[in-house]
Amino acid sequence: MTVLVTGSTGYVGSRLVPLLLDRGLQVRTTTSSPDRSQPWWSDRTETVVMDALDPDDVAAACKGVDTVYYLIHGMGGADFEDTDQQAASNFADAVTKHDVQRVVYLSGVVPDVPDEELSDHIRSRRDVERILTDTSACVVVLRAAVLIGSGSTSFEIIRQVSERMPVHTVPTWMDSMVQPIAVVDALAALVGALDYDGPSRHFDVGGPDRLRYGALLDAFTTHAGMKRPQVEVPLLPTALVGKLVAGLTDVPRPTVEALVESLRHDMVAADDDFRSALLPDGHRLVALGEAFSRSLAESSGPPEGVDPMGPLPQDPLWADGGDKDERPVLARALDTVRRAIPGAITSR
């Protein structure tokens, strides 16, 4: 079986590829920057240059492939929704043209609210689902909320905000219910999607713990050995909170703002069907405490022997403060407020 993994150098993709190789699969990966340093497993894969917005590139990448892992997400920019839809449409056309049998798409939990209340990035992911599902392939969509693991965007926001803010200020609207999942469990479900033999459908994937976002922050600081009192703050605009959090972390600003916007609604699984449909018999979901402990542990040795919950060489430079802004936290926060609300703070 030949499997195409798009987004293979991203957080999830770089951890998924070696698992597929260990199953004896032929793995083809894509890159838009062939001159960039390649992952540690790249000598075991076929790599093709592909621009997801180029229909010819996409068609060539999908030729001779049995399964496509679609790990492409736009997170920011004025036209990211149009870009998402164009990329998905290109893949839908290529899947039909080359009779690809299966597409596995990692998406986000879609809250049960009217479309107009969805965040831009969740609405875009849901639209991508619809485009991919309207093909001849069996399309398996995994909808996840917060991925726990060193290098995960959601985890790094929690880690960096906790490290840099002596007090957690939680807007009342953001203290929604969340159901995080350890990245190793999400990876197990992605691999298990290869053996799923039902009709096209989505699965909500969540770990064994459901809690409010404020409690999630508190759980992290407890496991990290930090004391961070929490203060609930009413009436803070969503956009301002997104800018503040982005200003306090090294995670790319558009990504932070998109994720913060999604926290207006509960992000929990509607059911746990994925456990029987996608996970191997006897698989034990990682509890939150263990997930935090493994994510915070230092890694050593060659990457092929390292716990995927910990850091890996392909993780972004901003993970774990890799691209840290050394200005004091208060100065960064005030700078952000000045940019967000001109004239709100003046120097004296």
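Trainee: Is Glu290 buried, exposed or partly exposed, and what makes it so?

Mentor: Keep in mind that this is a predicted model. Glu290 has 28% relative accessibility. Buried means under 20% and exposed means over 50%, with partly exposed in between, so Glu290 counts as partly exposed.

Trainee: Why is the contact between Glu290 and Arg294 called a salt bridge?

Mentor: The closest N and O atoms of Glu290 and Arg294 are 3.1 Å apart. The cut-off is within 4 Å, for a side-chain nitrogen of Lys or Arg and a carboxyl oxygen of Asp or Glu, so the pair qualifies. Arg294, by the way, is partly exposed too, at 24% relative accessibility.

Trainee: How do you know that Glu290 and Arg294 are separated by about one helical turn?

Mentor: They are four residues apart in helix α11, which covers residues 288-296. Salt bridges with shared partners also join Glu290 and Arg294 with Arg284 and Asp307 into one network.

Trainee: Asp22 and Arg44 have a salt bridge as well; what parts does that pair tie together?

Mentor: The closest N and O atoms of Asp22 and Arg44 are 3.7 Å apart, and the limit is within 4 Å. Asp22 lies in helix α1, while Arg44 lies in the loop between β2 and β3, so the pair ties together parts that are 22 residues apart in sequence.

Trainee: What makes Asp22 exposed, and why is Arg44 called partly exposed?

Mentor: Asp22 has 58% relative accessibility, and exposed means over 50%. Arg44 has 43%, which falls between the 20% and 50% cut-offs.

Trainee: What about Glu81 and Arg123; why does that pair count as a salt bridge?

Mentor: Their N to O distance is 3.6 Å, and the rule asks for within 4 Å. Glu81 sits in helix α3 and Arg123 in helix α4, so this pair ties together parts 42 residues apart in sequence. Glu81 is partly exposed, with a relative accessible area of 21%.

Trainee: Let's turn to the cavities. How does the lining of the largest cavity divide into nonpolar, polar and charged residues?

Mentor: Nine are nonpolar, one is polar and one is charged. Among the lining residues are Ile148, Gly207 and Asp209. Gly counts as polar and Asp as charged, whereas Ile counts as nonpolar. The volume of the largest cavity is about 40 Å³.

Trainee: And how does the lining of the second largest cavity divide?

Mentor: Eight residues are polar, two are nonpolar and none is charged. Pro39 and Trp41 are among the lining residues, and Pro and Trp count as nonpolar.

Conventions:
Residues are numbered from 1 along each chain as its sequence is written. This is a predicted model: local features need pLDDT of at least 70, side-chain atom pairs count only at pLDDT 80 or more; totals for chains, interfaces and linings use all residues. Side-chain values use heavy atoms; hydrogens and water are left out. Helices (H or I, at least four residues) and strands (E, at least two) are DSSP runs, numbered from the N terminus. Buried means under 20% relative accessible area, exposed over 50%, partly exposed in between (1.4 Å probe, protein chains only). On a 1 Å grid over the protein atoms alone, a cavity is a set of points where a 1.4 Å probe fits but cannot get out, and a pocket is an open set with protein on both sides within 12 Å along at least five of seven lines; lining residues have an atom within 4 Å of a point. Grid points are joined across faces, edges and corners, and a volume is the space filled by probe spheres set on the points.
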